[in-house]
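Subject: Structure handover

Hello,

Here is the structure for you to look through. Please open it first, then read my notes below.

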Amino acid sequence: MDSFSLLCTGALLAGGLYWFVCVLGPAEQKGKRATDLSGGSISAEKVQDNYKQYWSFFRRPKEIETAEKVPDFVDTFYNLVTDIYEWGWGQSFHFSPSIPGKSHHEATRLHEEMAVDLIQAGPGDRVLDVGCGVGGPMRAIAAHSRANVVGITINDYQVNRARLHNKKASLDSLCEVVCGNFLNMPFPDNSFDGAYSIEATCHAPKLEQVYAEIFRVLKPGALYVSYEWVTTDKYHADDPEHVEIIQGIERGDALPGLRSHTDIAETARKVGFVVVKEQDLAKPPAQPWWSRLKMGRIAYWRNHIVVTVLAALGIAPKGTVDVHEMLFKTADYLTRGGDSGIFSPMHMILCRKPNDSDDHVQT
Ligand SMILES: C=C(CC[C@@H](C)[C@H]1CC[C@H]2C3=CC[C@H]4[C@H](C)[C@@H](O)CC[C@]4(C)[C@H]3CC[C@]12C)C(C)C
Ligand SMILES: C[S@@+](CC[C@H](N)C(=O)[O-])C[C@H]1O[C@@H](n2cnc3c(N)ncnc32)[C@H](O)[C@@H]1O
């Protein structure tokens, strides 16, 4: 073999190795492998139909307004996206402000730890994670605070993923996961010492309903913190570009309608909470939360090729390509929402359930 052929063979082998390790391997550190992408609890042959069903909610707006149908629609969404999220983003399904000198992973963890620090939970406390996903935040929070965390999610595929990850991380003695609807939780009144929700209550058709449920299960005096998805004071409903961005975010993220930042504290007070603090964590001096989305663009193209090849080979379900394309477009709407400042995924509200002895004057 002459040296040119040797060079070509070497280059081919290196390229193949790169493809195997970087392309077919997890897109995100500790994520899922592309070859394991599934439709969650939906069988492979039904993924495409379920994707069409998901979109039909938006074609018939009356249907999405029917509040009782929203949890099923959200459940379908998470069957479709959970594996892709884990593969391309990791085990925490939320944003966090970028922190110079820190990795995405570290910034995510700090954002999660801040939630449990705000509700002042510690060893022996029983804390509720409202809309827990596959449990990335739950594990970080349990490890940081040593509190017992109980997570609830509507999606049974996520329950199994979260339990598996809890076991692997040796945190299953502190972390428990329940499948259920956060609008009607299977927990007794006054049974938690604290609660948090990270980018999850935006899926509730009526915020009042989920806040009232959280209020019910908290012990008097307990704290609750939420990171809410909202439109900011820069959003103008009469600007067609603003409307296009917000509708794009709603469609690509299974949202029954984004709320205004002004609705959050008002709703919390309405159900009986005392509002301790409210702050949009996306506002400067915080660094952009959407820079991670922007930086990932090349990887999304690569992922698109991987998903297309795997679906063509029958390794990934057919509809995976459509779901991936939807997420691709959603990433763009979210980036535009961040760049324009009309949208925030981290409007933080810290609330307290009053003690029975408190006078009920709202702060
Ligand atoms: C809180 C919610 C989810 C927020 C984010 C975790 C997800 C929102 C958009 C998602 C993604 C967009 C682009 C995908 C990309 C095309 C793919 O190749 C790899 C995965 C993505 C990066 C994916 C990851 C998760 C998001 C950033 C909502 C639902 C309330
Ligand atoms: C974007 S994910 C965030 C997950 C998690 N908080 C995290 O940051 O990784 C939203 C979560 O809310 C859950 N969810 C949405 N609607 C729900 C409902 N009605 N009842 C219970 N969980 C729900 C979803 O199943 C999903 O786990």
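Predicted model: local features only at pLDDT ≥ 70, side-chain atom pairs only at ≥ 80, totals over all residues.

Start with one term. A residue is called buried under 20% relative accessible area, exposed over 50%, and partly exposed in between. Arginine 297 has a relative accessible area of 40%, so it counts as partly exposed. Keep those cut-offs in mind for the rest of this email.

The protein chain averages a pLDDT of 92, and 91% of the residues score at least 70. The model's ipTM is 0.99 and its pTM is 0.93.

Salt bridges

How many salt bridges does the structure hold? The count is 12. Side chains of opposite charge can pair when their charged atoms come close.

Aspartate 332 is partly exposed, at 34% relative accessible area.

Helix 13 (residues 320–340) also holds arginine 336. Which residue does arginine 336 form a salt bridge with? The partner is glutamate 244, with the closest N and O atoms 3.4 Å apart. Glutamate 244 sits in helix 9 (residues 240–252). Arginine 336 has a relative accessible area of 25% and is partly exposed. Glutamate 244, at 35%, is partly exposed as well.

Glutamate 208 belongs to helix 8 (residues 207–217) and lysine 270 to helix 10 (residues 261–270). They are 62 residues apart, and again distant parts of the chain are linked. Lysine 270 reaches 61%. That is over 50%, so lysine 270 counts as exposed.

There is also a network of salt bridges. Asp189, Glu213 and Arg216 are linked in it.

The ligand

Next, go to ligand 1. It has 22 residues around it. Which of them come nearest? They are Tyr78, Tyr85, Trp229, Asn303 and His324. Look closely at two of these. A polar side-chain atom of histidine 324 is 2.6 Å from an oxygen atom of ligand 1. In asparagine 303, an N or O atom of the side chain is 2.8 Å from an oxygen atom of the ligand. On its own, ligand 1 has 640 Å² of accessible area, and the protein covers 100% of that.

A buried serine

Find serine 197 in strand 4 (residues 192–198). Its relative accessibility is 1%. That is under 20%, so serine 197 counts as buried. The side chain of serine 197 makes a polar contact with the side chain of tyrosine 224, at 2.6 Å.

Helix 2

Last, look at helix 2 (residues 47–59). Helix 2 has 13 residues and spans 19 Å from its first C-alpha to its last. That is close to the expected 18 Å. Which of its residues are buried? They are Val47, Asn50, Tyr51, Tyr54, Ser56, Phe57 and Phe58.

Best wishes

Terms used:
Residues numbered from 1 in each chain as written. Chains lettered and ligands numbered in written order. Heavy atoms only, no water. Helix = DSSP H or I, 4+ residues; strand = E, 2+ residues; numbered from the N terminus. Expected span 1.5 Å × (residues − 1). Buried < 20%, exposed > 50% of the residue type's maximum accessible area, 1.4 Å probe, protein only. pLDDT = per-residue confidence, 0-100. Salt bridge = Lys/Arg side-chain N within 4 Å of Asp/Glu carboxyl O. Near = heavy atom within 4 Å. Polar contact = N/O pair within 3.5 Å; in protein donor to acceptor, adjacent residues only side chain to side chain. Areas by Shrake-Rupley, 256 points an atom, 1.4 Å probe, with all protein chains shown as cover.
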